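Colleague: I would like a close look at a single part of this model, taken slowly and with the terms spelled out.

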Amino acid sequence: DDISEALEWLAGLRRVAQALVVQAGAAVEDSNPGSAERLINEAARLSPDLAELRAARIGLRELRERLAIAAARPTLKPADVERVAALVAEAGAALEAGRLIEPPGACAYDKYRAALAIDGGNQAALEGMSRLPVRARALYDEALAARSLARARAMFEAYRQLSPSDTAAAAMRERLVAAYLDEADARIGEQRRVDAVRALEAAREIDPANARAADVQRRLDALAPTG
């Protein structure tokens with residue numbers, strides 16, 4: 001009857017629309033947004049309520065975004081490519097050696113930044129930048145465990161600069177200050193006034209409001225001036 005024929009006709013249009021969407025997906029995979037759009041529009045004309053249309057349109061939009069990003073990136077000359085690769089390699093070596101933000105120009109941070117100034121989308125440089133805070137935290141822990149307080153302080157400062165909004169810095173500061181105050185206490189017990197003063201001053205520079213510093217100061221004041 002007429003209703004059955006109409007339903008069959010609509011089903012046929014739907015099958016054709018689905019095939020067009022499949023072709024559009026292939027066009028997206030081939031990075032051909034023009035063909036993909038034409039196919040999607042034709043599928044929508046044949047079957048406007050086709051569920052697959054939404055996913056196809058999202059895929060097309062994402063393709064156009066990727067192409068726009070790629071188009072905005074300048075084409076690098078061979079010399080630039082070589083320079084970026086060299087900078088990334090130098091940055092990696094500096095990172096492993098613990099030269100994270102010092103010395104200027106020769107540290108991992110500056111090397112990665114120089115590479116990104118040439119190629120802002122360089123994945124190796126971006127990944128390297130993301131590793132810097134992690135490396136700073138690891139070196140801080142190593143230095144603190146070894147009682148190398150000056151090194152631990154340098155890594156703490158590096159971490160704060162590399163991750164200024166990370167709340168983990170507060171706990172790192174507390175541990176470092178406690179280590180310096182322990183050092184001051186130990187030097188006071190050995191009657192080594194100069195070394196005790198140095199450690200106490202370092203603790204106060206890092207955390208001027210630390211309550212324990214006052215107790216250490218009283219013990220220090222009790223030492224003979226020549227102690």
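This is a predicted model: local features need pLDDT of at least 70, side-chain atom pairs count only at pLDDT 80 or more; totals for chains, interfaces and linings use all residues.

Modeller: Residues are numbered from 1 along each chain as its sequence is written, and side-chain values use heavy atoms, with hydrogens and water left out.

Asparagine 122 lies in the loop between α5 and α6 (123-145), helices being DSSP runs of H or I of at least four residues, numbered from the N terminus. The side chain of asparagine 122 reaches the backbone nitrogen of alanine 124 at 3.2 Å. Beyond its neighbours within four places in sequence, asparagine 122 is in contact (heavy atoms within 4.5 Å) with Val84, Val88 and Leu116.

Val84 and Val88 also belong to the α4 side of the contact with α5, and among the α5 residues taking part are Tyr112, Ala115 and Ile118. Helix α4 (residues 78-97) and helix α5 (residues 108-118) pack at an angle of about 160°, their axes 8 Å apart, where axes are lines fitted to C-alpha atoms over the stretch in contact and angles run from 0 to 180 degrees between N-to-C directions. The two helices are therefore roughly antiparallel, a term for angles over 145 degrees.

Key. Angles under 35 degrees count as roughly parallel, over 145 as roughly antiparallel, 65 to 115 as roughly perpendicular and the rest as oblique. A polar contact is a pair of N or O atoms within 3.5 Å; within protein, one must be able to donate a hydrogen and the other to accept it, and residues adjacent in sequence count only if both atoms are side-chain atoms.
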